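Take a look at the chain below. This short report walks through parts of its fold.

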Amino acid sequence: MIAGRPFALAAALLIAVLLPSAASAIAPVLASAEPAAAQAPNSASAVVFNREVAVFRGNLLGAPPALRAERAEARITEELARNPDAVVSVESNPLGAIFKIDGVMVFVLTPDDTDKLAGESLAAAVNATQRRLQQVMRESRESRNTDSLLRGAGITAIATLVLAGLLWLAARMRRFADRKLVAMTESKRLAVNGVELVPRIRVLSWLLKLTRLLFIIVAAVLVYEWLSISLAQFPYTRPWGEGLNGFLLGTAASFGSAIVHAIPDLLTAIVIFLLAYWATQLSKSFFNQIASGHSRLGFIDAELAGPTRKIIAVVIWLFALVMAYPYLPGSDSEAFKGVSVLVGLMLSLGASNVVSQGASGLILTYSRTFRIGEYVRIGDHEGTVTDLGIFNTRLRTGMGEEITLANSTVFGSVTRNYSRTVKGNGYILDTTVTIGYDTPWRQVEAMLLEAAGKTHGLSTEPAPRVYQTALSDYYPEYRLVCQATADQPKTRAQTLSDLHANIQDTFNRYGVQIMSPHYVLDPASEKVVPEDRKYAAPAKAKD
C-alpha cells in the first residue's frame, strides 16, 4: 500500500519533537494515506503513489470492496510500469463505468460505489475518479523524469537554506531580546513604598522562559512549513506535503473564522460588562454620598453604606456574568461545560458553611449588634471590635491579642456590648467582690466608690455605682459599675487591673479583709496587709 511509510513516520517524529501539538496535525495526513476502509464499514480504497484513486463500497460479481481495491492497485501499478505514457479512458457498461489504461481494464465503478449519504451520483464519482487517476499517471511520469527530480531537490535545498537563515535570525532576535530584558530588570524593579513585590531575578526568569517559548513556537512553525514544502517537491511524498500544508492553512482558516464569528457575541458580552461597570460606579458614588452624611436611604446610614455598596456590586457583577455567559466564546464547548460542573460541585460541597457564615455576617451587620470600635464580650472572649466582615469578626484584647471568631459562632453566642449604653465615648467597666456579712454594706459601698475615684481612666460623670447583686450563704456580692473614658490611652485590661489594685489598697487601709469566707470559725486575726508591709520585698514604692 504505502512503501515510504517509514519516511512519513520519521517526519512525524521530527515535528512531534519540535512541537508536540504538531503530532496531532500529521496524524490525519497519515490516516488519509491509508486505505479508506475506515471511512465506512464495507468500503475500501485503491491507493497508488500515496493517492486515493477510487473508493469501492459495494460487491461486484461476488468480489468484496477490499479485494476489488487490491486488484485495482495491482493493475494500475502494472500498467504504469509497462507504459508511463499510457492514456486513461472510461467506457459505459450496464454494470457501471469501466476504467481502462491503454485499453486494458483496471477496475469498474458501479452505482453501489457512490456515497449515498452525501447524495453523490455515479457521474460525479466517475469524473472525480478519472481526475485522480490521471493525476497519479502524471506523477508517475514525473517520478521517472530526472530533470523534475533534480528541480525538486534544488527547491528543497533552497528551502533548507532559507530555513537555516530564518532559524539563525530568530535565534539572534531571541538573544537580543534576552539582553534587553536583562538590562530592563536591572534598571527597574516592581516595588511599592520601597518594598520589592517580586524579586527581579524571578521576573527575569519568567521573561527569559517566555522568549524561549516564543522561539520554539516560531522554529516549529518554520520547520513545519519547510517539511510541507520539501515533501511537496516529489511525486511520492507530495500527498503528505499537501496534507501538512492543508492542515496548517485549514487550522488557521478555522481559527480566523471562529474569531470572526465570535466578534458579535464578544461585543455583546463587553457591552454587558461595561454596563455592569457603570452601574457599580453609579452605586459607589451614591453610597459614598450616604457615607459622607450628605444623604440617607431608609435605614441605611453612613455606617451601613460601605457593606451595602459591596453587596450591590457583587450582585451586579454576578447578574452581568450570568447574562454574558452565553455570549462568551466557547461557552457551549465541552471544556466550559466541564468547568461549570466542577465549579457547581465545589459550591455544592462547600456552600452550606460559606452561606451560613455569610448570612450570619449580614445579619450581624444590618442588625447592628455591635460596631467597629465598641468593646464587647462574645462568649468567653472580650475585646474591642476591629473588623466586622462577611465571614469573620476580629477582636483586639487588652492583652495584646487579636481573636478571630467565625460569624456563625458569634451569631450563636451571647454578646455583651459594654460601649452601647454609655454616655458619649467610652465603655462600661465592672467588677465583683464578696465581703462577709459582718462588714457593713454601707462601708463596703463607700470603699468601692473611693477605690473607683482613685483609678485613672474612669469617668466621674456618670458617677460609679455599687449594686448588691446577691445575698449568698456566707457573703453578699457587690458589683461596682463605672464608665471608662475613651480618650485615655490605657486599655480596658490595664484600667481594670488598676481598679483591682486600688480596691485591695482601700480595703487594707480600712482593715476589711477580702476573703469571701467559707468558714467554720472566724480566723484568729484579720486577713489584711499591715501598712508597714504594704511594699514588702521585692515590691518598691512608686515615686
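**The model and the chain**

This is a predicted model, where local features need pLDDT of at least 70, side-chain atom pairs count only at pLDDT 80 or more, and totals for chains, interfaces and linings use all residues. Residues are numbered from 1 along each chain as its sequence is written, and side-chain values use heavy atoms, with hydrogens and water left out.

The chain holds 12 helices and 15 strands. Helices (H or I, at least four residues) and strands (E, at least two) are DSSP runs, numbered from the N terminus. Of its 543 residues, 32% count as buried. Buried means under 20% relative accessible area, exposed means over 50%, and partly exposed lies in between (1.4 Å probe, protein chains only). Take the contacts between residues at least 6 apart in sequence: 58% of them join residues at least 24 apart. Contact means heavy atoms within 4.5 Å.

**A sheet and its helices**

An open sheet has 3 strands in the order β3-β4-β5, with antiparallel pairing. Two strands pair if DSSP finds at least two bridges between them. β3 and β5 are the edge strands, and each pairs on one side only. From one strand to the next, the twist averages 30°. Angles run from 0 to 180 degrees between N-to-C directions; axes are lines fitted to C-alpha atoms, for helices over the stretch in contact.

β3 and β4 are joined by 6 bridges. In one of them, E91 has I98 in β4 as its partner.

**A helix pair**

Two packed helices are described by the angle between their axes and the distance between the axes. α11 (residues 441-453) and α12 (residues 492-509) pack at about 135°, with axes 8 Å apart. That makes α11 oblique to α12. Angles under 35 degrees count as roughly parallel, over 145 as roughly antiparallel, 65 to 115 as roughly perpendicular and the rest as oblique.

Which residues of α11 meet α12? V444, M447 and L448 are among them. On the α12 side, the residues include L499, I503 and F507.

**A loop residue**

T491 sits in the loop between β15 (476-484) and α12. G457 is 34 residues away along the chain, yet the C-alpha atoms of T491 and G457 are separated by 9.2 Å.
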